[in-house]
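Please open the model in a viewer and keep the selection panel at hand. The tour below moves from one void to the next.

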Amino acid sequence: MTAPSKAGRALAELRDDLAGQVISPGDPGYDEARTVFNSMVDRRPAVIARCESEADVVTTVRFARELDLPVAVRGGGHSVAGMSLNDGGVVVDMRGMQEVTVHPGAKAVRVGGGALMGALDRACQPYGLATTGGRVSTTGVTGFTLGGGSGWLERKFGLAVDNLLGVDLVTADGSTLTATAEDNPELFWALHGGGGNFGVATSLTLRLHELPEFAICLLLYPLEAGPEVLRTYREVFESGPAEAGGGVIYLTAPPEPFVPEHLVGTLMAGALLTYAGGADALRELAAPLLALPHEVEVLTALPYADFQCMLDDPPGLRNYWSAEYLTGMPDELVSVFCALGDVMPTGGSQHVMFPLGGAIADGPSEFPVPYRDSPWAVHPFGIWEDPAEDERAVRWVKDVRAKVRPWSSGAVYLNFTGDEGSERVAAGLGAENLARLAAVKRAYDPDNVFRFNHNIRPA
């Protein structure tokens, strides 16, 4: 009988030691376990460790280091680049670590490394509390936050990372630590935008804010009205309060009860306003947009957590996204943006221009978040089903980036991008921050074990 190899012995020990399930090729459920949100991503890890505790994460990281295997970390699995997976390496799968504990008196919440945004929002809702979350409920809280965290409430409450109070981390040598403003402050600084470069975040603590009321206004217009809609939207936000968010969205009219049947499946221009307050105040703010002839009108108060689920994109589709953060929105850019919306691939794709400013611009300037000063952002969001459409959809996203680049600030929010190269990573972190970030990387992950991310190389 042949003696088991070192890898075989280590895998057997991992299966014995882990409270969660260990899955490898050939095991039942392997294909399900390696499926992520973006169906364009098809990778085959050697080991998927479905961790249920910090101790499981420590065990998995040490297993990977013993065999010199690369490590990918899966929280929500929502990264457009598929950074939650690798080929031939180890995946730390934290979907078994979804606990959310609200501390209403302290206005804080502790979130497990695998928790999704919907769980966070639902847990906070009964207390009339919230924090800036992703624009869909299926986003993983950890990756979203450590990558910066842009969402509907950001103009009022700041970026998600501005509300980060602490991170529990398993580092590349299998050690555990906590990073806060007082403990490991340099690491804590780096985690404000540096993502998963420095270890596995097994839990986060986030600041909460009072949100007793929330309302939305969604208007759909004929496609040709797009330029007037965007110019009017710009005027609304030039003096609009920080409570307001949203975006101008080119989209294919969905089969929803509020959409007339004859419009379903047609390309339309939309205006979405979100409001951290009541419907009456929102109606007053939206008056110039309501005055424009429109086909669909939804203006209502509703719980924030309910709205967060309304725009969820179904899994299993093909995705390619990107973004450009802008220095302003002159009329020439309005024309360029709307022309690109007119030729957007139909289906699930969206072409979005959304406002920034407010608490984003007023937030902490010291963190590696270089896009704070941009007043607007363009986010081409390619979603489709047929692989035969890959080339067309990807080309449209790249065309949007290229044609709005004359108005780009050069900075970008990395959670909106896939693998676009080291120059874009620098744009997302700030070139002036790279040496400092690389030094933190060298201190906590000198071998670049955690490289399936918008990677920062150790200095």
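In the counts that follow, Ala, Val, Leu, Ile, Met, Phe, Trp, Tyr, Cys and Pro are nonpolar, Asp, Glu, Lys and Arg are charged, and the others, Gly among them, are polar. The model is a predicted one.

**The second largest pocket.** Begin by selecting Met 83, Asp 419, Glu 420, Asn 453 and His 454, which lie nearest the centre of the second largest pocket among its 30 lining residues. The volume of this pocket is about 630 Å³. Its lining comprises 12 nonpolar, 12 polar and 6 charged residues. Next, display strand 16 (318-321), helix 14 (422-429) and helix 15 (434-444), each of which supplies at least two lining residues. Helix 14 gives the most, with 4 residues.

**The largest cavity.** The model holds 2 cavities of 30 Å³ or more. For the largest cavity, select Arg 135, Gly 151, Trp 152, Glu 154, Arg 155, Gly 245, Gly 246, Phe 354 and Pro 355, which line it. By class, the lining divides into 3 nonpolar, 3 polar and 3 charged residues.

**The second largest cavity.** Finally, select Gly 147, Gly 193, Pro 368, Val 369, Tyr 371, Tyr 413, Leu 414 and Gly 428, the lining of the second largest cavity. The space inside is about 30 Å³. Which classes of residue make up this lining? There are 5 nonpolar and 3 polar residues, and no charged ones.

Notes. Residues numbered from 1 in each chain as written. Predicted model: local features only at pLDDT ≥ 70, side-chain atom pairs only at ≥ 80, totals over all residues. Heavy atoms only, no water. 1 Å grid on protein atoms, 1.4 Å probe; cavity = no way out; pocket = protein on both sides within 12 Å on 5 of 7 lines; lining within 4 Å. Points joined across faces, edges and corners; volume = space filled by probe spheres on them.
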